Amino acid sequence: MKILVYSFRDFDEKDAFDQLCAQAGFEYVTCPDYPSVENAVLAKGCDAVSIIVCDMNEALLTALAAQGVRYICTRSIGTEHFDMEAVRRLGLRVAGAAYSPDSVANYAIMLMLMACRRFPYVLERARLQDFSLRGKRGRELSSMTVGVIGLGRIGRTVLAHLSGFGCRLLGYDPMPAPAAQGLCEQVDLETIYRECDVISLHCPATKDNHHMIGGEALSAMKPGVILVNTARGGLIDTMALIDALESGRVGAAALDVIENEYGLYYINHTGEAMNNRELALLSSFPNVIVAPHTAFYTDVSIRDMARCTVEACQAFERGETYTFEVK
C-alpha cells in the first residue's frame with residue numbers, strides 16, 4: 001500500500017504518519033499543495049491519497065482515478081467537498097475522519113466567552129494602552145441560555161462542558177438524539193431562536209441545511225444573540241448575517257468557518273489582496289471574531305486524522321467496511 005498525502009505539513013503531521021505507516025507496513029509520499037488536476041500525476045503508483053478539505057470535483061477525481069488511485073481519505077469530519085456521484089461512477093472508496101470532540105468543543109466555548117466579554121476589542125485597546133472601561137462591559141455566560149444546534153459527538157461535548165458554567169442549555173437535532181438525554185432540554189428550532197442568548201452550530205453541511213441561518217431565521221432570533229459557528233460556513237447566509245449585524249439584531253458573531261473558504265485557509269496570504277469581500281466585511285465589525293478554521297487544531301486531533309487515514313486504507317485493502325466510509 002502506497003499513500004500520497006496532499007497538503008502535508010512536516011511540522012506537525014510527519015511524526016504521526018511516520019509511526020502509523022511504519023506500523024501498518026505502508027509507504028507514504030507527500031505533497032505540500034492541495035490536490036489538483038495538474039498535480040494528480042504525483043499519485044501515479046499510489047493506491048490511496050489523503051487530503052484536507054478542498055473541492056474534490058469530478059475532473060479532479062477522474063484525474064486521480066486515471067493514475068490508479070482507488071481510495072481517498074479526507075482528514076476531516078465533513079465530507080461535503082466530494083462529488084459523490086463521480087466517486088460512485090469511478091468506483092472509488094472515500095473515508096472521512098473522526099477526531100477528538102474536545103478540540104472543537106473547547107474552541108467553541110472559548111469563542112463564546114470571547115464574544116460575551118468582548119475580548120478581541122478589550123485586547124486591541126489594551127495593546128494601545130487604553131485601559132479605560134467605556135465600551136468594554138461584558139456579559140456572563142453563566143446567566144445566559146445557550147442553544148446547541150446539532151447533537152452529535154461535538155455538540156454533546158459542548159453541552160457537557162457547558163454544564164459546569166450553570167447555563168440554561170437547549171439543544172436541537174433533526175434526528176432523535178437519545179445520547180443527549182440529560183445534557184439539555186431538547187426543543188424545536190423556533191424555541192432555540194426565540195429563547196437563546198447564544199447559539200452554537202455543530203451540524204454537518206448538507207443540501208437541506210445550506211443557509212439554514214438566513215434572513216428569516218435571524219429575524220426570529222432573540223435581539224442581541226451571539227452566533228458561534230465552528231461547523232461549516234455554508235450553514236450561515238453571510239450577507240444576511242452582515243445585515244443582521246448592521247441592524248443590531250445579532251449582538252456578536254464568532255466564526256471559525258465562513259462561506260467560500262476553499263483556497264483561503266491554511267495558506268499564507270500575507271501582502272495579498274484577498275478576493276473575498278464577505279471576509280473583509282465580517283472582519284470590519286468590532287463585535288465579530290473571524291478565526292481561520294482552526295477549532296480542530298490540537299496535537300490529539302492531528303494524530304487522530306493520520307490514524308483514520310491509515311485505518312481506512314487498511315480496511316479498504318482487506319475488503320472491509322470502515323466506520324467513517326462515505327457511501
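Reader: Hi! What kind of model is this, and how are residues numbered?
Author: It is a predicted model, where local features need pLDDT of at least 70, side-chain atom pairs count only at pLDDT 80 or more, and totals for chains, interfaces and linings use all residues. Residues are numbered from 1 along each chain as its sequence is written, and side-chain values use heavy atoms, with hydrogens and water left out.

Reader: Are Phe 17 and Tyr 28 buried or exposed?
Author: Both Phe 17 and Tyr 28 are buried (under 20% relative accessible area; exposed is over 50%, partly exposed in between, with a 1.4 Å probe and protein chains only).

Reader: Nice. What about Tyr 266 and Phe 296?
Author: Tyr 266 and Phe 296 form an edge-to-face pair, 6.1 Å centre to centre with 85° between the planes. Tyr 266 counts as partly exposed because its relative accessibility is 40%, while Phe 296, at 11%, counts as buried.

Reader: Which residues make up the cluster linked by ring pairs?
Author: Tyr 99, Tyr 266, Phe 296 and Tyr 297 are linked into that cluster.

Reader: And Tyr 99, how far is it from Cys 308?
Author: Tyr 99 and Cys 308 are 8.5 Å apart in space, C-alpha to C-alpha, yet 209 residues apart in sequence.

Conventions
Rings of Phe, Tyr and Trp (its six-membered ring) pair if their centres lie within 6.5 Å; planes under 30 degrees apart count as stacked, over 60 as edge-to-face and the rest as tilted.
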